[in-house]
Amino acid sequence: HSTELAAARGARTGLAAAREGHMAGALLLLLLAAHTGSVTQRLLSRVNQLAPGGIGATALQRAEVGSLVAELEAQRSPFAAPATQDAQVALSGLWRVLYADAPPPSNGRLGPFRGLAFQDIDVGGGAYVNDLRLGDEAKPWLRALLRANWEALDEVTWRVNFRTLTFDARFAGKELRLLEREFPEGTSRVWRFSYTGPDVRIVRAGQGGGKVSAIGQALGVRESGRDDDCLFVLQRVPRVS
């Protein structure tokens, strides 16, 4: 009987330890999620205090955004493979560019005008559109659309191949095509999804520098230049009809 009693006590102790271990693991996951959410909210709060696209941000403001971005990038991304098997859920939809340190028009500026920049991704259709709107978001007086497709280089990286660029103006309720051009074959950029969440993502985009340099070298592209490692902070938004 003493042997059976000892065995029963041991089983209860093991079960209790297992439950405690499970609870500790769940608590750790909740704490990590809360911390990541806190960083995300602080980043969104900071970039939303700036002009759309981060246009006109000071060096100090850019440093503050960069610090928050680095903190978020250090967290575990909810989507481990946004460029491949997670792409449909992780990337499909309309994304607004909240902040970019890229040159115009990627940051929403076109000449003297300031607008809103979007990325529209259709993973199922293999289509990507850079959408710059000047004026009313739903009915802009000028709209520039850069259409592209892509190929995955690894689980978190795309090579985006630019195809066409169009400019359309709205006049008296009608749209007028002002310009349409095709990009030369081979015009592309490398995108690295350094953090991808359900509604917020961070993209490092360029020809080769910074965090995408190893892939850039493999592609044989240059390592220096203004647009070699551009930072984008994007938020998923509903479509406006």
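The model is predicted. Of the 29 residues that line the pocket, P105, S106, N130, L146 and F162 are the closest to its centre.

Where does the lining of the largest pocket come from? Several strands contribute. β4 (116-122), β5 (127-135), β6 (140-154) and β7 (157-171) are among those that each supply at least two residues. The largest share comes from β5, with 4 residues.

Rolling a probe the size of a water molecule over the atoms shows where empty space is left. A search of the whole structure finds 2 cavities of 30 Å³ or more. The largest cavity has a volume of about 40 Å³. The residues that line this cavity are P140, L142, R143, D168, A169, R170 and E175. Two elements give two or more residues to this lining: β6 and β7. By class, the lining of the largest cavity has 4 charged and 3 nonpolar residues, with no polar ones.

The second largest cavity has a volume of about 30 Å³. Its lining includes P52, G53, R96 and V97. N107, G108, G115, L116 and A117 also line the second largest cavity. Here β1 (93-100) and β4 each supply at least two residues. The class count for this lining is 4 nonpolar, 4 polar and 1 charged.

Next come the aromatic rings. A pair of aromatic rings is described by the distance of the centres and the angle of the planes. Across the whole structure, a search finds 7 aromatic pairs. One of them joins W158 and W191. This pair is stacked, with 6.2 Å centre to centre and 20° between the planes. What does this pair tie together? W158 lies in strand β7 and W191 in strand β9, so the contact links parts that are 33 residues apart in sequence. Are these two residues buried or exposed? W158 is buried, with a relative accessible area of 0%. W191 is buried as well, at 5%.

W158 has another partner. W158 and F193 form an edge-to-face pair, with 5.2 Å centre to centre and 85° between the planes. F193 lies in strand β9 and W158 in β7, so this pair ties together parts that are 35 residues apart in sequence. Both W158 and F193 are buried. Y128, W150, W158, W191 and F193 form one aromatic cluster.

Turn to a helix. α2 covers residues 59-73, which makes 15 residues. From its first C-alpha to its last, α2 reaches 21 Å. That is close to the 21 Å expected at 1.5 Å a residue. Which residues of α2 are buried? They are V65, L68, V69, L72 and E73. These residues cover an arc of only 140° around the axis, so they sit on the same side of α2. The face turned away from this buried side carries the exposed residues A59 and L60.

R62 also lies in helix α2. R62 is partly exposed, with a relative accessible area of 29%. Compare the position of R62 with that of Y99. The two are 37 residues apart in sequence. In space, they are 9.5 Å apart, C-alpha to C-alpha.

One last stop is a backbone angle. Most residues other than glycine have a negative phi, and most peptide bonds are trans. A172 has a positive phi of about 55°, although it is not a glycine. Where does A172 lie? A172 is in the loop between β7 and β8 (174-182). A172 is exposed, with a relative accessible area of 71%.

Key
Residues are numbered from 1 along each chain as its sequence is written. This is a predicted model: local features need pLDDT of at least 70, side-chain atom pairs count only at pLDDT 80 or more; totals for chains, interfaces and linings use all residues. Side-chain values use heavy atoms; hydrogens and water are left out. On a 1 Å grid over the protein atoms alone, a cavity is a set of points where a 1.4 Å probe fits but cannot get out, and a pocket is an open set with protein on both sides within 12 Å along at least five of seven lines; lining residues have an atom within 4 Å of a point. The expected span of a helix is 1.5 Å times one less than its number of residues. Buried means under 20% relative accessible area, exposed over 50%, partly exposed in between (1.4 Å probe, protein chains only). The arc is that of the directions from the helix axis to the C-beta atoms. Rings of Phe, Tyr and Trp (its six-membered ring) pair if their centres lie within 6.5 Å; planes under 30 degrees apart count as stacked, over 60 as edge-to-face and the rest as tilted. Grid points are joined across faces, edges and corners, and a volume is the space filled by probe spheres set on the points. Ala, Val, Leu, Ile, Met, Phe, Trp, Tyr, Cys and Pro count as nonpolar, Asp, Glu, Lys and Arg as charged, and the others, Gly among them, as polar.
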